[in-house]
Protein chains: 2
Amino acid sequence: MKRNPLFAGLSEKYLFHEVKTRVEAFKKSHPNAHVISLGIGDTTEPLVETIAREIKNTGHELETVQGYRGYGPEQGILELRKAIQETLYTKTPSVSEQDIFISDGAKCDISRLHLLFGEDTNVAVQEPSYPAYKDSSLLLRKKNPIPLPCLTRNQGIISLDLEALPDETLVFLCSPNNPTGTLFTRSEIEKLIQAAKKKKHILIFDVAYRDYAEDGAITSIYEIPGADEVAIEIGSFSKSAGFSGIRLGWTVIPEKIQYSDGKSVRNDFMRLITTTFNGASYITQKAGLTALGHEGRLKTLEQVHFYKENTRILRDALVQKGANVFGGKEAPYLWITTRFEKSWDAFEYFLHTGQLVTTPGIGFGASGEGFVRISGFGRREVILEASQRILQLDL
Amino acid sequence: MKRNPLFAGLSEKYLFHEVKTRVEAFKKSHPNAHVISLGIGDTTEPLVETIAREIKNTGHELETVQGYRGYGPEQGILELRKAIQETLYTKTPSVSEQDIFISDGAKCDISRLHLLFGEDTNVAVQEPSYPAYKDSSLLLRKKNPIPLPCLTRNQGIISLDLEALPDETLVFLCSPNNPTGTLFTRSEIEKLIQAAKKKKHILIFDVAYRDYAEDGAITSIYEIPGADEVAIEIGSFSKSAGFSGIRLGWTVIPEKIQYSDGKSVRNDFMRLITTTFNGASYITQKAGLTALGHEGRLKTLEQVHFYKENTRILRDALVQKGANVFGGKEAPYLWITTRFEKSWDAFEYFLHTGQLVTTPGIGFGASGEGFVRISGFGRREVILEASQRILQLDL
């Protein structure tokens, strides 16, 4: 059996796997080191009580004759689709619950969207960005995405020019952005939508960090008129409600988005998921429903606020030591440059001198060279200790 | 944006979706009908108590600082991989926990395996079979699989000849088979493995119904020497433990399976899942661990026995009415022919005359024409009522 040639085009290790390998080697040679991770962006606060209670209730429900449920709809249970529509899309009446597809997470839906549009479609990716956009494009569609730098060490913040792309490009965007922590303004998004209409692009707008945005920021692309003709939106419960281990996300595909032959994109996505997916776990869907209820929303937003406060503490220490710091106000990530020219050199310095794990910016794309990403997820006492260590470093 | 041409090759509706549409139309025109579903193979017994208890425990664990878990390994938690190895692969020492990949269900893994092997690979599918093998091949890889009929109305049971296939074919097999309810014997599997070695095929062996086999039957292909060089196995908790709504399965890729260039297939699958998937829900993984424990295994096998008894009750009624019945002894499905030449005609007769939903055999492939599949899942009182109705029919 011949090997799939698409696999040869990828590095053997996913970014976070390489980080893990280096950290393990360090721990082996420094067995007494107390390493703190500010690396992979993983939630650390326990599930809020009302969500945990709903998980227990659902466990009980499933052991009763009346409450047992087998296969659910691939698109997700209607109650949850309605709750997402009513809670997160209040300002965007064009989004209906029929446009919302529940999934087991944004990472999985990114891959599904690559499969939806087929191998000949051009792809562009805001850069730096979450590695899964590019890797899944290489792996599933042979397409090396066109990079759209939005922030580089030498040039600072750069506006994206979608008119320079070939016609009919699939454009991956993320706001608030992982890793830079920056987000698009209303007028920037208006320009993106105009360009998409003109050039027949489809925008994939990832709002996994929407709850970290400040009041008044754009948290759904559908707040901007015309977006429902050109934009698909991906959301996630991972960073908003601590669901990274129990898996829940969604994708919005408005009815108005059509192929050039007039066929519905939403219908094809339905065909794709009914063929390749069997829905997110019923237990997690019920937990998600509770996360969107009054108490669930209040308590999970308190956790978001807690992670933002963590990020502020780290930001203050970094600024005090002279690092050049972007982001961190509307995202749980700081994107910084230091005296090191190379990301991996800065990574090694943080690891060896501060016993701190960061993520090298180069892992998020070529324009990330020279940066490291610092995550604000962590228990408060750990973040305070990390901040003390940063104050001992020479950045 | 152009439409992905692969979608045009598929019918708009998945088999079970078409069945649902016809049933809904019937109910609308017969509002007083009491329709019983013997159609889609969906579990109906509540989760066993010990599994439900573990779901509640995990809900509690996740609301504590010590017990909270974020992202888990994409391959699944080690305890569950070990438990699968130690419980379900006792007779097959060649399978290690490193070969086992936990997933959110067999349907999802079928698609991932298509993506793994790339678009140029030939595909063959045992027929009749679960529609997802063929549909996902058409949708993801442009490949219309070569049908391998194993049971047809005119010719009865047919041995599969894998030597007649082109070299290096990916062959999807299912035993005990859905929908026919038949399973491969040891000598049949020996021949399949020999042919695979000779022709450099890779077999995808689906054992979703393994727990329905009688004592002494082959329930893993790795029981046969040499299988670990040519076979990938897919398993599921859906029909064994009632997990169809909470989503858990696994795939075994033995270390010895290599591409012609000597590279490891297992490594590429790891790369695929780390790029496109973030693991099954932690709650469901913990539930799966309990399902494999002493009490969990005992109680879930009692449920399997209950569904088999249901199937026997329906079988007796069908045989009494003169239907020609296959399967049902080692699977929860009966695969029958009646006086109707066409599957959809038989389907309509069952629906209109018996108010019984079946699944038309033609939906499982061309060689399924003339058959209908009858599922033994259901509450006992419902199955007894269905059996009484069958006795009133003219088959």
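Author: Let's start with a term: buried area is the accessible area (1.4 Å probe) that two parts lose on being put together, summed over both. Keep in mind that this is a predicted model, where local features need pLDDT of at least 70, side-chain atom pairs count only at pLDDT 80 or more, and totals for chains, interfaces and linings use all residues. Side-chain values use heavy atoms, without hydrogens and water.

Reader: So how much do chain A and chain B bury between them?

Author: About 6900 Å², with 57% of it on carbon and sulfur atoms. On the chain A side, A:Met1, A:Tyr71 and A:Arg271 supply 14% of the area buried against chain B, more than any other three residues.

Reader: How many residues does the contact take from each chain?

Author: Contact means heavy atoms within 4.5 Å. Here, 82 residues come from chain A and 82 residues from chain B. The copies meet through the same surface, because 100% of the interface residues of chain A are also interface residues in chain B.

Reader: And how many salt bridges does the rule find across the interface?

Author: A salt bridge is a side-chain nitrogen of Lys or Arg within 4 Å of a carboxyl oxygen of Asp or Glu. The rule gives ten between chain A and chain B. B:Glu74 and A:Lys107 form a salt bridge through their side chains, at 3.4 Å from N to O.

Key
Residues numbered from 1 in each chain as written. Chains lettered and ligands numbered in written order.
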